[in-house]
Amino acid sequence: GDETRQRVKFTDDRVCKSHLLDCCPHDILAGTRMDLGECTKIHDLALRADYEIASKERDLFFELDAMDHLESFIAECDRRTELAKKRLAETQEEISAEVSAKAEKVHELNEDIGKLLAKAEQLGAEGNVDESQKILMEVEKVRAKKKEAEEEYRNSMPASSFQQQKLRVCEVCSAYLGLHDNDRRLADHFGGKLHLGFIQIREKLDQLRKTVAEKQEKRNQDRLRRREEREREERMGRR
């Protein structure tokens, strides 16, 4: 609020640096199944505006804080994903590597269908009807491939086992995906706020890692150059 703003500068430790860089998971995942509630640090758009102005003048290197924040968040999510995968492996019937590969093929085609449908819906909503139709034609081709892959999978095991809903864990957002999920469910998952939010966070983390590495390299170079200049001046002074 206004009171906070008068007291707090964007450089204050209590201010969320990820929020200043527009990548705090508390903002991105708000309103999803994984809503994290309010961030423990201060979020204020006016402070972000102050930061954006100041960062044009000088390098504040807040990317490092944001990177640490996102790294620990993603590490925790990946740990949950591994746990969920382990639990699934314990509860689902043991299947041979060959059958498992066939199931994986169906899952991959499901993912393609989900992503394409989500894209087609987005294009349709933006008024790009022709583009949307083109993608839907592509979906039909993938559906045909999926049908074949399902046949292969079905024929490789007893009917009773096939009826079991084979699940897998989404590597991006750790939600469960079913082998027999219908198109609507797939489109809702791959085009949903949770999945897209996780993609955004993961992409931002990659970007921050690059920026931090570049800035650290530049700082090291500058430090080295200054030291060489100092040593040269000292040598000149001794002459």
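These legends walk through several close-up views of a predicted model. Residues are numbered from 1 along each chain as its sequence is written. Local features need pLDDT of at least 70 and side-chain atom pairs count only at pLDDT 80 or more, while totals for chains, interfaces and linings use all residues; side-chain values use heavy atoms, with hydrogens and water left out.

**View 1. Helices α6 and α7 side by side.** Here α6 (residues 97-125) packs against α7 (residues 129-155) at about 165°, with the axes 9 Å apart. Helices (H or I, at least four residues) and strands (E, at least two) are DSSP runs, numbered from the N terminus. Axes are lines fitted to C-alpha atoms, for helices over the stretch in contact, and angles run from 0 to 180 degrees between N-to-C directions. The pair is therefore roughly antiparallel (under 35 degrees is roughly parallel, over 145 roughly antiparallel, 65 to 115 roughly perpendicular and the rest oblique). In their contact sit 15 nonpolar, 3 polar and 11 charged residues. Ala, Val, Leu, Ile, Met, Phe, Trp, Tyr, Cys and Pro count as nonpolar, Asp, Glu, Lys and Arg as charged, and the others, Gly among them, as polar.

**View 2. Helix α5 meets helix α10.** These two pack at an angle of about 140°, again with axes 9 Å apart. That makes α5 oblique to α10. Among the residues in the contact are A66, M67 and F73 from α5, plus L205, L208 and V212 from α10. Contact means heavy atoms within 4.5 Å. Sorted by class, the contact has 12 nonpolar, 2 polar and 7 charged residues.

**View 3. A closer look at A66.** A66 belongs to helix α5 (residues 63-91). Is A66 buried or exposed? It's buried, with a relative accessible area of 0% (buried means under 20%, exposed over 50%, partly exposed in between, using a 1.4 Å probe and protein chains only). Setting aside neighbours within four places in sequence, A66 touches K17, S18, L21, C23 and L208.

View 4. D22 lies in the loop between α2 (17-20) and α3 (25-28). D22 isn't a glycine, yet has a positive phi of about 60°. With a relative accessible area of 46%, D22 is partly exposed. S174 sits in the loop between β1 (167-169) and β2 (176-178). S174 also has a positive phi of about 60° without being a glycine, but at 16% relative accessibility S174 counts as buried.
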